[in-house]
Amino acid sequence: MPDKFEKYLPYGRQSISEDDINAVVSVLRGDWLTMGPTVERFEKSFADYIGAAHAVSFSNGTAALHAAMHVAGVSPGDNAIVPSFTFAATANSVTYCGGKAVFADMSRDTLCLDPESAVDACKKADGPIKVIAPVSYAGYPAGVGEFKKIAARYGAVLVEDACHALGAERGKNKVGVEADMTAFSFHPVKHITTAEGGMVTTDSPDFAKHLRLFRSHGLVRDKKDFVRSYEGAWDNDMVEIGYNYRLNEISCALGESQMKRLPSFVARRREIASLYREKLSSISGISLPPDHPGHSYHIFAIWVANGRRNKVFEFLRKSGIGAQVHYVPLHLHTYYRQKFGCKAGDFPVTESFSAGQLSIPMFPDMTDDHVDFVAEKIRESLA
Ligand SMILES: Cc1ncc(COP(=O)(O)O)c(C=O)c1O
């Protein structure tokens with residue numbers, strides 16, 4: 001492979017064009033580095049793409065989730081149902097609010113939260129259930145209908161963690177319009193990048209207002225938003241607790257430029273997934289991820305049978321392929337074991353899938369030759 005990935009082909013990587021660079025440079029030459037017009041333009045282009053009424057940007061996807069959990073009302077004594085099979089941020093955002101992340105198992109058919117296990121978790125929860133938080137793992141659009149019903153039954157807010165699923169679709173809907181709030185991440189391995197960044201989409205003007213307050217110290221400046229008397233144009237009033245979770249103009253310029261390229265990024269990811277399916281389907285000892293017409297393939301998650309995952313992982317790494325594992329189940333992390341007394345055996349589907357899971361390279365700038373190379377190395381590793 002005589003190319004820039006000759007020595008190392010990562011599992012995920014940003015794609016930066018000259019237009020992206022020019023967009024960033026023009027912000028650097030301008031007047032605003034933060035809290036300026038580019039933030040609003042990026043948010044508008046994002047909301048329009050998703051088809052949501054509001055998009056509120058954040059400094060990263062974790063901050064976006066934290067804000068969504070806070071705005072959904074999670075506070076000490078409350079519960080949120082979270083799959084164990086996800087990145088730590090999904091549960092941590094509940095913990096930051098003082099709530100309890102009640103873990104549930106995954107479905108082997110979708111690799112997302114299993115609705116039946118979510119119902120069991122609701123029954124086991126001690127105290128009010130404020131949030132149901134399915135994760136559209138790998139870019140597979142989790143079946144939101146079942147979770148809406150569960151949320152309605154418990155009077156909970158549906159917060160979808162779509163940090164893997166920008167560009168994914170359920171029929172005509174983009175992921176990001178059906179849940180009450182949906183969180184996205186713009187880390188460099190994701191579908192678009194702002195270096196670090198995140199977004200929450202919602203159709204609720206009330207949620208949007210509180211998300212904006214939360215990302216900027218809970219401060220209001222407009223006279224109409226004041227609770228106490230307004231003293232003049234210099235005045236501001238902190239009406240709620242908030243953080244500094246703002247996304248800056250430089251990141252938003254990159255984000256706005258990347259949004260123009262998003263449809264081609266998703267199309268290329270789908271093309272790579274089809275190529276992998278073609279090349280890998282004849283290899284015994286692995287299984288391929290579930291397919292869905294609306295999958296946006298943040299990661300391509302294969303499963304290696306017979307306890308051979310680590311062997312394949314080592315072989316790929318030695319061959320210059322940046323395979324990765326997503327994820328160690330959250331209920332097996334020391335922090336959550338100690339906090340909630342979780343243990344091995346609690347979520348058998350999650351544990352068995354996680355033990356064989358392997359993410360292989362998936363990013364838009366990969367060539368078909370890279371796909372061939374990865375497939376060949378997987379075949380060799382199992383020979
Ligand atoms: C499922 C999931 N949720 C949340 C996050 C947090 O996003 P960020 O890294 O932008 O904070 C990630 C990041 O990888 C993720 O994979």
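## Second largest pocket

Helix 3 is the top contributor to the lining of the second largest pocket, giving three residues. Helices here are DSSP runs of H or I with at least four residues, strands are E runs of at least two, and both are numbered from the N terminus. Helix 3 and helix 4 are the elements that give two or more residues to this lining. The model is predicted: local features need pLDDT of at least 70, side-chain atom pairs count only at pLDDT 80 or more, and totals for chains, interfaces and linings use all residues. Residues are numbered from 1 along each chain as its sequence is written, and side-chain values use heavy atoms, with hydrogens and water left out.

The second largest pocket holds about 350 Å³ of space. Its volume is the space filled by probe spheres set on grid points, which are joined across faces, edges and corners. A pocket is an open set of points on a 1 Å grid over the protein atoms alone, with protein on both sides within 12 Å along at least five of seven lines; a cavity is a set where a 1.4 Å probe fits but cannot get out; lining residues have an atom within 4 Å of a point. There are 22 lining residues, and Phe-87, Cys-163, Ser-185, His-187 and Lys-190 lie nearest the centre.

## Ligand site

The ligand sits in the second largest pocket (more than half of its atoms lie within 2 Å of the grid points). Its shell has 15 residues, the closest being Gly-61, Thr-62, Asp-161, Ser-185 and Lys-190; a shell residue has a heavy atom within 4 Å of the ligand. Helix 3 (61-71) and helix 4 (88-96) each supply at least two shell residues.

Asp-161 lies 2.7 Å from a ligand nitrogen. His-164 lies 2.9 Å from a ligand oxygen. Lys-190 lies 2.7 Å from a ligand oxygen. The protein covers 90% of the 380 Å² of accessible area that the ligand has on its own (Shrake-Rupley method, 1.4 Å probe).

## Other spaces

The largest pocket holds about 640 Å³. It is lined by 20 residues, with Met-35, Arg-212, Arg-215, Ser-216 and Leu-219 closest to its centre. Helix 2 (37-50), helix 7 (205-214) and strand 10 (219-220) each supply at least two lining residues.

One cavity of 30 Å³ or more is counted. The largest cavity holds about 30 Å³. Its lining includes Arg-13, Lys-190 and Pro-364.

Technical notes: A polar contact is a pair of N or O atoms within 3.5 Å; within protein, one must be able to donate a hydrogen and the other to accept it, and residues adjacent in sequence count only if both atoms are side-chain atoms.
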